[in-house]
Amino acid sequence: MQIKNTAINDLNSGLLLDHEENLKLLSKKHQNLEQIIDVIANYNIAIPSWALGAGGTRFGKFGFGGEPSTLEQKIEDIAVINTLTKSANAISLHIPWDIPKDPEGIKATAEKLGIQFDAMNSNTFQDQEDQEYSYKFGSLCHTDKSVRDQAVAHNKEVIDYGVALGSKSLTVWLADGSNFPGQLNFRRAFENTLSSLKEIYAHLPSDWKLFIEYKPYEPNFYSMVIQDWGTSHMLAKDLGEQAYTLVDLGHHLPNTNIEHIVATLMTRGMLGGFHFNDSKYGDDDLSVGVIKPYQLFLIFNELVFGMQNNPANNPIPAWMIDASHNLKDPLEDLIQSIEAIETAYAKALLIDQKALESAQLKNDVASAQRILQDAFNTDVKTILAEARRRNGGAIDPILAYRKLDVRNQLIKERGMNSSATGL
Ligand code: RM4
Ligand code: MN
Ligand code: MN
């Protein structure tokens, strides 16, 4: 299903008067409003190919109807999100969940719909039917060299798919670890992982980046080989200049100060990518901003500061939503996540950095807090709406999605029982 621009214009026209009034009020208050609208209008977040259908838990899965069952349909769904929000112009593929069997054809479909290929993701956390060795006891860290070789070969293959599609990065997330004390020799597992990663890194085209994602627990509950940002950073440093750490918001123990991690990585130019989601307990993969919007704002404060004060040349991170949808329509959920990310970003851009610096230098704690909270408490809905409108997107994307009856159209096209690949 494709949404026509005229349909969006029609829907916008009913909201335009109020919107313009709000915009006038806001521009009286904020001198740098134009600049902020511009940043948000140029901001894009990649959508993972595995987040367009129903996510499940180990207890079950409830379908939505009209889920995309092919890669082409997944790209079409992302194009729907992008047409409404103008902020999701890329797809991130997980191999082998989404193998581009005809890369040229897929590339052409994506191009036609204005979608690019973001980071490629390898999968050595599940066994596939045709696979010779099992990853039950790990992949890149495995005690058996044949298993490690198989996992390395898979990652190289994922890079090759990415090259054919025009992607520029590979994200490696490993489930490797142990469930029981004594099961794994930590140091041997680390060294095996490093040497496997070195082989993968050697296969990386010179204009590619390698992102190393960390996670403290799950699926292994006693130890994970890449448990934290420090381990990821050590591996990336040993690999070379094209390797970076990737922060997934759900991959921290409760109450971890993630904004501090972001700042520390950026001082060394080592923050390569970001996976957005929200959580109450662990890797819950809830829609972004539903539980801890203030934390997200504080993270964006560090990102904004890091990008504006960047002696270590941290590249602009690769942004991706890594959430799962058990209850909400995945497309509505992704639109809500995009709005939450852009809300935090716009609020962080409203922070009076000069005033904050002067409060910090004077150790004026109360003022520092007030400066942050003034920005956080500003309603930025109009900024987001204006950024979308200028790009031809919807003033209110969820409302437009519902008025255009997208889910029912998709069910008509694809049937009630079509289901998407993924977790
Ligand atoms: C992991 C991790 C990876 C994602 C998989 C599906 O917990 O977040 O980024 O690819 O889940
Ligand atoms: Mn992730
Ligand atoms: Mn995760």
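Q: What makes the pair formed by D248 and ligand 1 a polar contact?
A: In this predicted model, a polar side-chain atom of D248 lies 3.1 Å from an oxygen atom of ligand 1. A polar contact is a pair of N or O atoms within 3.5 Å, so the pair qualifies. H94 also places a polar side-chain atom 2.8 Å from a ligand 1 oxygen, and for an N or O atom in the K215 side chain the distance to an oxygen of ligand 1 is 3.2 Å. On its own, ligand 1 exposes 290 Å², of which the protein buries 95%.

Q: Which residues are around ligand 1?
A: Among them are W50, W173, E213, H251, H275, D283, D322 and L423.

Q: Why is V290 called partly exposed?
A: V290 has a relative accessibility of 46%. Buried means under 20% and exposed means over 50%, so a value in between is partly exposed. V290 sits in the loop between strand 11 (271-276) and helix 10 (293-308). Together with L286 and I291, V290 forms a nonpolar surface patch of about 210 Å² accessible area.

Q: What does the side chain of E67 reach at 2.9 Å?
A: It reaches the backbone nitrogen of A420. A polar atom of the E67 side chain also lies 3.3 Å from the backbone nitrogen of F64.

Terms used:
Residues numbered from 1 in each chain as written. Chains lettered and ligands numbered in written order. Predicted model: local features only at pLDDT ≥ 70, side-chain atom pairs only at ≥ 80, totals over all residues. Heavy atoms only, no water. Patch = residues over 30% accessible without salt bridge, like charges linked within 9 Å, V, L, I, M, F, W, Y side chains within 5 Å. Areas by Shrake-Rupley, 256 points an atom, 1.4 Å probe, with all protein chains shown as cover. Salt bridge = Lys/Arg side-chain N within 4 Å of Asp/Glu carboxyl O. Helix = DSSP H or I, 4+ residues; strand = E, 2+ residues; numbered from the N terminus. Buried < 20%, exposed > 50% of the residue type's maximum accessible area, 1.4 Å probe, protein only. Near = heavy atom within 4 Å. Polar contact = N/O pair within 3.5 Å; in protein donor to acceptor, adjacent residues only side chain to side chain.
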